[in-house]
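Welcome! Please take a look at the model below, and then we will walk through its sheet and some of its side chains together.

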Amino acid sequence: MTTTTIEAIKGLRTVPSIPRRGEHYLSVNLALADAGVVWEVAREHGVTPELVQMKGFKDGIEIHALLVFEQLDGNPITNLLADTLSDALADRIDNDAIRHCYGGRMRAL
C-alpha cells in the first residue's frame, strides 16, 4: 500500500496525534480503511463520525474519522461505547487503521 503525504486542509479540525492530558479518543485512519464501512459501523452504534486531520506523524498529516473524543478527569477509562465500537471495527477493517488512545497518566483502580 502506498501513502500519500498531504498538506493541512483549511477548515478541517486538527487533532494532535498525541492526546493532551486527560483526552481520550477513538478514530480510524481513512487511508487504511473503507470509509463506507467505518460510517456504517458508527451509524449502527448511534455515532456520527467527524472528519479530522491529525498532525504529528513522521509521514505528515493523516485524515481520520473521529468517533469518540472526550476529556476525562483522570479516573480509569470506563467508556463502553469506545470499547464496543473498537471491537466492532476490528471485526470489519484493518486493525492498523484503528487509533484508540489516551493522553497523560490515568490513575489505577
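How many bridges join β3 to β4? Six bridges join these strands, which run antiparallel. This is a predicted model, in which local features need pLDDT of at least 70 and side-chain atom pairs count only at pLDDT 80 or more, while totals for chains, interfaces and linings use all residues. Residues are numbered from 1 along each chain as its sequence is written, and side-chain values use heavy atoms, leaving out hydrogens and water.

**The sheet**

- Five strands make an open sheet in the order β1-β3-β4-β2-β5, with mixed pairing. Strands (E, at least two residues) and helices (H or I, at least four) are DSSP runs numbered from the N terminus, and two strands pair if DSSP finds at least two bridges between them.
- β1 (14-16) and β5 (98-102) stand at the edges with a single partner strand each, so one side of each has no neighbour in the sheet.
- From one strand to the next, the twist averages 40 degrees. Such angles run from 0 to 180 degrees between N-to-C directions, using axes that are lines fitted to C-alpha atoms, for helices over the stretch in contact.
- Helix α2 (residues 80-90) packs on the sheet and touches β2, β4 and β5, where contact means heavy atoms within 4.5 Å. The direction of helix α2 makes about 155 degrees with that of β5.

**How the strands pair**

- β1 and strand β3 (residues 50-57) run parallel and are joined by three bridges. Pro16 has Lys55 in β3 as its bridge partner.
- A hairpin leads from β3 to β4 through two residues. Val52 stands opposite His64 in β4.
- β2 and β4 run antiparallel, with seven bridges joining them. Val28 stands opposite Ala65 in β4.

**Aromatic rings**

- What does a search of the whole structure find? The search finds one aromatic pair.
- Tyr25 and Phe69 form this pair, which is stacked, at 5.8 Å centre to centre and 15 degrees between the planes. Rings of Phe, Tyr and Trp (its six-membered ring) pair if their centres lie within 6.5 Å; planes under 30 degrees apart count as stacked, over 60 as edge-to-face and the rest as tilted.
- Tyr25 is in strand β2 (residues 23-29) and Phe69 is in strand β4 (residues 60-71), so the pair ties together parts that are 44 residues apart in sequence.
- Tyr25 is buried, at 0% relative accessible area, whereas Phe69 is partly exposed, at 34%. Buried means under 20% relative accessible area, exposed over 50%, and partly exposed in between (1.4 Å probe, protein chains only).
- Phe69 also has the charged end of Arg13 over its ring, 4.9 Å from the centre. A charge sits over a ring if NZ of Lys or CZ of Arg is within 6 Å of the ring centre and within 35 degrees of the ring normal.

- His24 lies in strand β2 and counts as buried, at 0% relative accessibility.
- The side chain of His24 makes polar contacts with the side chains of His100 (2.9 Å) and Tyr102 (3.5 Å). A polar contact is a pair of N or O atoms within 3.5 Å; within protein, one must be able to donate a hydrogen and the other to accept it, and residues adjacent in sequence count only if both atoms are side-chain atoms.
- Asn29 is in strand β2 too, and is buried with a relative accessible area of 8%. Its side chain is joined to that of Glu62 by a polar contact of 3.1 Å.
- Beyond its neighbours within four places in sequence, Asn29 is in contact with Glu62, Ile63, His64 and Ala97.
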